[in-house]
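This briefing sets out selected features of the structure shown below. It moves from the chain as a whole to helix packing and then to individual residues.

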Amino acid sequence: MTKPEQGTNGNLNIEQMGSLKHWGEPPSSIADELDKQAVVDCGWGRLIFGQTFRSSRQLADQLRDERLGRRDVALYSRDPQVVISQAPRELFIDPSLTYRLNLEFAELADVALAGIKIRPIADAADVEQVNRIYKARSMVPMREGFFDYQQAHPELRILLAVEEQSHQVVGCVTGVDHFRAFGDPDNGSSLWALAVDPQCEHSGVGEALVIALINSFKSAGRSFMDLSVMHNNAQAIHLYEKLGFFQVPVYCIKTKNAINEQLYIGPKSDEKLNVYAQIIIDEAYRRGIVVDIVDAAGGFFDLSLGGRTVSCRESLTDLTSAVAMSRCDDKAVTRRFLSRAGLNVPEQELLRDEAQALAFLQRHQRIVIKPARGEQGVGVCVDLSEPGEVISAYAQASSFCDRVVGERFVPGEDLRIIVINDEVVAAAVRRSASVVGDGEHTVAELIRKQSRRRAAATQGESMIPMDEETERCVNDAGLAMDRVLPKGRRLKVRKTANLHTGGTLQDVTERLHPTLAKAAIRGAQVLDMPLVGFDFMVPDVERPEYAIIEANERPGLANHEPQPTAEKMLDMLFPQTTLTHHR
């Protein structure tokens, strides 16, 4: 095998490399590869090697054979504009850039992350965890049965980043060995489908996966590794260039399908919506429901189909009556309705002043203070046990609402249950914001880094506030903001688990005890809510004990992957679209 000509600085003899010469006649080095029509099934779609096709018509026809719900990619195509001309209504050039790393001169040490192990995919259960991350990232999941297929195809290399304590997969990457796939004379490889769990608390997972794949292919004797990245993904491009990748003249061709739609028609609206509205709107577009964005900043939009229009503010719709909404809006009212129905709720009291708040603390030892009205965890202080904390929390809650509620603190796991149309659609344990020490950065620096990652993953909806409550949590752990957090130590920096203050979700729908599901459904019926999110405190999601803390009339439907929250909401609003549009 003759290795491709390239220098240490990335200079390439493009006309002699079948993977790079994208015009005119193919180089002589790949004469034997023509008519191989090499295709690799990557689970989410096929990687089609354009340099192994003799004609643009053959390549276009291969792309047009894409299966429903898949995302095929044709790379290394000669004269890509001619390929597009064979089916201009069906094909387009993807607005991505291709980067290459010369593996012969790459010297990158594997990244050791505290509490994280990089390993190959091991079983079908790993595929389920990878698909959870793909769905959270709006990526196409691997098809059923793909693990067995991958095990029988050595050209595929899938690496996972696994949290050692929880055994949770927090990142994944797919590699394709071109030489094993079709005897590539350029001796190449490529990276695909790099994804990190948006709720991952560890920094550097993506970089560790990329470097692990680089070293894997370098050990196998490959000459280079390519990757495709969206032209506007500045953060990823910065990482790749830091690792030594350089841009090469290679173009992706894809089919015009529902998955790729935003890439070839542009954004549907110039108005930017938050993730909680966008997840619903995307599902509506997919079903052919007309969307009219009324006020993007507030998350207001109208959905219309067959002469019927439903007005929405994120997951709140005009199917929820004003009376039902008022039962959820006031936490004291919510508790009374649920208590009268025989559902378990913690002791609660309206607090008129600081003295009453301190008396409530004396009776219960550990309490919660929060505004009677409000959402997103604003003004809520949890697990208060000291008089000074109570006085400060009462003043904070009073600044948001003229009525303040004291509540007995219930220890346990913070469980969010989404009920739509009298059905439990999703259940997730909400984790409060945490950071993991690396032995180098201070607590404050780690919080800022984690907050930036959460904001990027949620379009700015989830951030860790640098406020008195965060500082209180850090101090309660015996630390300070300017202290370096020891490597591997996990520190909770908030006691509430709201997504808006940096919290994360772990899906537990399949593990939910029937008693908890029945309580949530009964609560929705008592409050007369067609769609509602309940906050439970439970010792274990697989046990029947519980206390309902509050109800949310406008729960966020994002971040509950893999549960079909938006799909179930649209089923309720427009049932005629249900059968033909579920994924």
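A residue counts as buried under 20% relative accessible area, as exposed over 50%, and as partly exposed in between. On that scale Gln37, with a relative accessible area of 29%, is partly exposed. The model is predicted, and the chain it describes has 583 residues, with 18 helices and 27 strands.

**Overall dimensions and burial**

- The radius of gyration of the chain is 27 Å, which agrees with the value near 25 Å that a compact globule of 583 residues would have.
- Along the principal axes, the C-alpha atoms occupy a box of roughly 85 × 60 × 40 Å.
- Of the 583 residues in the chain, 54% are buried.
- When contacts between residues at least 6 apart in sequence are considered, 69% of them link residues at least 24 apart.

**Helix packing: H9 with H17**

- Two packed helices are described by the angle between their axes and the distance between the axes.
- Helix H9 spans residues 275-286 and helix H17 spans residues 565-573; their axes come within 9 Å and cross at roughly 60 degrees.
- The crossing of H9 and H17 is right-handed.
- H9 contributes Ile279, Ile280, Glu283, Ala284 and Arg286 to the contact, while H17 contributes Thr565, Ala566, Glu567, Met569 and Leu570.
- Sorted by class, the residues in the contact of H9 with H17 are 6 nonpolar, 1 polar and 3 charged.

**Helix packing: H12 with H13**

- The axes of helix H12 (residues 354-364) and helix H13 (residues 387-398) cross at roughly 135 degrees and come within 10 Å of each other.
- That angle makes H12 oblique to H13.
- H12 and H13 form a right-handed crossing.
- On the H12 side the contact involves Glu354, Ala357, Leu358 and Leu361, which meet Pro387, Val390, Ile391 and Tyr394 of H13.
- The contact of H12 with H13 comprises 7 nonpolar residues, no polar residue and 1 charged residue.

**Helix packing: H6 with H7**

- Helix H6 (residues 205-219) and helix H7 (residues 234-243) have axes that come within 11 Å and cross at roughly 40 degrees.
- At this angle H6 and H7 are oblique to each other.
- The crossing of H6 and H7 is right-handed.
- Glu207, Val210 and Ile211 of H6 make the contact with Leu239, Tyr240, Lys242 and Leu243 of H7.
- The contact of H6 with H7 contains 5 nonpolar and 2 charged residues, and no polar residue.

- Cys42 lies in the loop between strand S1 (39-41) and strand S2 (46-49).
- With a relative accessible area of 0%, Cys42 is buried, because the limit for that class is under 20%.
- Apart from residues up to four places away in sequence, Cys42 touches Leu47, Phe146, Leu156 and Val176.
- The C-alpha atoms of Cys42 and Arg71 are 9.7 Å apart in space, and the two residues are 29 residues apart in sequence.
- Thr255 belongs to strand S12, which covers residues 253-255.
- The relative accessible area of Thr255 is 7%, so Thr255 is also buried.
- Neighbours within four places in sequence aside, the contacts of Thr255 are with Leu63, Glu66, Glu90, Leu91, Phe92 and Asn260.
- Thr255 and Lys272 are 17 residues apart in sequence, and their C-alpha atoms are 26 Å apart in space.

- Most residues other than glycine have a negative phi.
- Gln37 has a positive phi, near 45 degrees, although this residue is not glycine.
- Gln37 is placed in the segment before S1.
- Asp79, likewise a residue other than glycine, has a positive phi near 45 degrees.
- The position of Asp79 is in the loop between strand S3 (73-75) and helix H2 (80-85).
- Asp79 counts as partly exposed because its relative accessibility is 23%.

How values were computed:
Residues are numbered from 1 along each chain as its sequence is written. This is a predicted model: local features need pLDDT of at least 70, side-chain atom pairs count only at pLDDT 80 or more; totals for chains, interfaces and linings use all residues. Side-chain values use heavy atoms; hydrogens and water are left out. Axes are lines fitted to C-alpha atoms, for helices over the stretch in contact, and angles run from 0 to 180 degrees between N-to-C directions. Helices (H or I, at least four residues) and strands (E, at least two) are DSSP runs, numbered from the N terminus. A crossing is left-handed if the near helix is turned anticlockwise from the far one by less than a right angle, and right-handed if clockwise. Contact means heavy atoms within 4.5 Å. Ala, Val, Leu, Ile, Met, Phe, Trp, Tyr, Cys and Pro count as nonpolar, Asp, Glu, Lys and Arg as charged, and the others, Gly among them, as polar. Buried means under 20% relative accessible area, exposed over 50%, partly exposed in between (1.4 Å probe, protein chains only). The radius of gyration is taken over C-alpha atoms; the globule rule is 2.2 Å times the number of residues to the power 0.38. Angles under 35 degrees count as roughly parallel, over 145 as roughly antiparallel, 65 to 115 as roughly perpendicular and the rest as oblique.
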